[in-house]
Each structure stands twice: as C-alpha cells, then as structure tokens.
Amino acid sequence: MDFSKESIFTNARSHKKFGGEQLSENDIKAIYELAKLAPTANNSCPLRIVFVNTVESIERLAKCALDFNQEKTRTAGTAAILAYDLDFHTNFTTLAPHMKQPTAHSGWAVDRLERYALANANLQIGFLIAAARALGFDCGPMGGFDSEAVESQFFGDTRWKFNCVVLLGRGDDSALHPRAPRLAFEDACRIT
Ligand SMILES: Cc1cc2nc3c(=O)[nH]c(=O)nc-3n(C[C@H](O)[C@H](O)[C@H](O)COP(=O)(O)O)c2cc1C
C-alpha cells in the first residue's frame with residue numbers, strides 16, 4: 001500500500017488507456033473496504049457499485065458508452081460502475097441508529113433524495129479513487145455513458161441511478177496528454 005501524496009495526488013492521472021488486466025476479487029474487495037470509510041451525511045452511504053470484471057461484461061459496458069468513450073472502456077479489464085441508491089434511507093436503522101427519526105427521509109420528494117444521494121455518493125467516489133490509487137491501481141473516471149442503457153443492463157430491479165464509471169488497472173502513461181492546469185488558490189479559495 002502506498003498512501004503517499006505522490007501516489008494519490010501529484011503523480012496520479014485520469015487514465016484513458018489500460019492494459020486489459022483484470023483485478024483479483026481480493027483487490028476489488030480491498031478497494032471497497034477502504035472506500036466505504038468515506039464520510040457521508042448521517043452515514044447514509046448511498047454509493048452502490050457494480051464491478052465489471054470479465055471480457056464479456058466490459059464489452060457490454062463499452063456498448064453503453066458514448067462513442068468517444070467506447071474504445072477507452074474496451075482497453076480495461078476491470079471497471080467500477082458507480083451508482084447512487086434512491087432507497088439509501090432504508091438502511092438508516094442500521095447505518096445511523098443515533099438518528100431520532102431514521103425514517104424521515106422516506107417522505108422526501110425524489111429530487112431531494114436524489115440531490116442528497118448524489119452529493120454523498122460523489123464523496124464516496126473520491127475516496128474510492130484515492131483507495132484504488134493507494135493500492136497501486138490507476139483510475140479512469142468517465143461520465144460519458146448512456147445512463148438508461150447502463151441502468152437497464154447492470155442495475156436490474158433497483159432504484160440505483162447511474163453516476164459514472166471508473167476504469168481500473170494499469171494505465172498507459174504514453175497515452176496521456178500533459179496535465180491541464182488547475183485554478184490557483186487565489187482564484188478558487190478565500191480565507192476569512
Ligand atoms: C465525473 C468525471 C467524469 C469524467 N468523464 C470523462 C469522460 O466521459 N471521458 C473522458 O475521457 N474523461 C472523463 N473524465 C476525466 C477528466 O477529464 C479528468 O479527470 C480531468 O481532465 C483531470 O485529469 P487528470 O486527473 O489527469 O489531471 C471524467 C472525470 C470525472 C471525475
């Protein structure tokens with residue numbers, strides 16, 4: 001494991017081309033065991049993940065990608081499909097026994113549930129990327145997929161909503177463009 005700032009931040013890139021190797025089930029579980037510790041509101045843990053880990057299922061996923069992401073997806077041996085669960089609140093009695101009204105969210109309108117689930121799943125996805133990098137894997141996050149196609153192909157009879165895909169494995173550094181600039185501290189932050 002390498003939790004250095006180099007492995008998680010300064011040397012890590014968003015990869016577009018992989019070598020086709022598959023992660024072992026142990027590696028996949030190790031990534032989840034770290035990612036699940038991400039902080040979320042009320043410990044709601046709305047992130048759901050389908051790990052795609054066969055040539056056949058990667059091809060099925062590639063067919064759901066928008067055209068500019070299809071070949072990138074086919075280079076990967078493993079991908080995580082990240083979703084947020086609109087039924088996340090049904091786990092509150094277990095995940096948040098300290099809550100006074102663990103069932104209060106049941107009455108929320110779908111758009112409110114969706115905002116809450118999306119915001120907290122996004123936090124978990126950031127941790128998942130950091131966890132995968134710490135465990136030695138490169139990541140290729142991609143949002144350009146046909147959401148409805150992914151949901152019908154991979155989520156079955158659930159209220160999971162597609163968020164994004166993270167390709168996992170060994171990225172090909174030679175396929176990377178130079179890193180794009182980020183906003184300077186002065187442009188993005190204030191200290192008051
Ligand atoms: C939520 C999300 C969606 C993204 N969607 C795509 C995509 O559809 N296709 C793609 O090639 N890259 C996609 N990217 C990669 C970004 O372009 C990349 O993370 C960004 O340019 C920073 O690159 P760097 O990490 O190498 O510095 C996505 C990244 C994120 C986090």
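**View 1. An open sheet of four strands, ordered β1-β2-β4-β3**. Welcome to the sheet of this predicted model, in which the four strands pair in antiparallel fashion. The edges belong to β1 (47-52) and β3 (138-142): each has a single partner strand, so one side of each is left without a neighbour in the sheet. On average, and with direction ignored, neighbouring strands here are turned by 25° against each other.

**View 2. The pairing of β2 with β4**. Let us zoom in on two neighbours from the sheet. Strand β2 covers residues 78-85 and strand β4 covers residues 160-169; eight bridges join the two, and they run antiparallel. Thr78 stands opposite Leu168 in β4, while Asp85 has Trp160 of β4 opposite.

**View 3. Strand β4 and its other partner, β3**. Here five bridges hold the antiparallel pair β3 and β4 together. A handy landmark is Asp138, which stands opposite Gly169 in β4. How many of the ten residues of β4 are buried? With buried meaning under 20% relative accessible area, the count is eight, so β4 is largely enclosed by the rest of the structure.

**View 4. Helix α7 lying across the sheet strands β1, β2 and β4**. This helix is made up of residues 147-155. If you compare its direction with that of β4, you will find an angle of about 80°.

View 5. Which residues does Leu34 touch, leaving aside its neighbours within four places in sequence? They are Met1, Phe3, Ala131 and Leu135. Have a look at Ala134 too: 100 residues separate it from Leu34 along the chain, yet their C-alpha atoms are 9.7 Å apart.

**View 6. The largest pocket, holding about 180 Å³ of space**. Rolling a probe the size of a water molecule over the atoms shows where empty space is left. The lining of this largest pocket includes Ala12, Arg13, Ser14 and Lys16. Arg133 also contributes to the lining, as do Ala175, Leu176, His177, Pro178, Arg179, Ala180 and Arg182.

Key
Residues are numbered from 1 along each chain as its sequence is written. This is a predicted model: local features need pLDDT of at least 70, side-chain atom pairs count only at pLDDT 80 or more; totals for chains, interfaces and linings use all residues. Side-chain values use heavy atoms; hydrogens and water are left out. Two strands pair if DSSP finds at least two bridges between them. Axes are lines fitted to C-alpha atoms, for helices over the stretch in contact, and angles run from 0 to 180 degrees between N-to-C directions. Contact means heavy atoms within 4.5 Å. On a 1 Å grid over the protein atoms alone, a cavity is a set of points where a 1.4 Å probe fits but cannot get out, and a pocket is an open set with protein on both sides within 12 Å along at least five of seven lines; lining residues have an atom within 4 Å of a point. Grid points are joined across faces, edges and corners, and a volume is the space filled by probe spheres set on the points. Buried means under 20% relative accessible area, exposed over 50%, partly exposed in between (1.4 Å probe, protein chains only).
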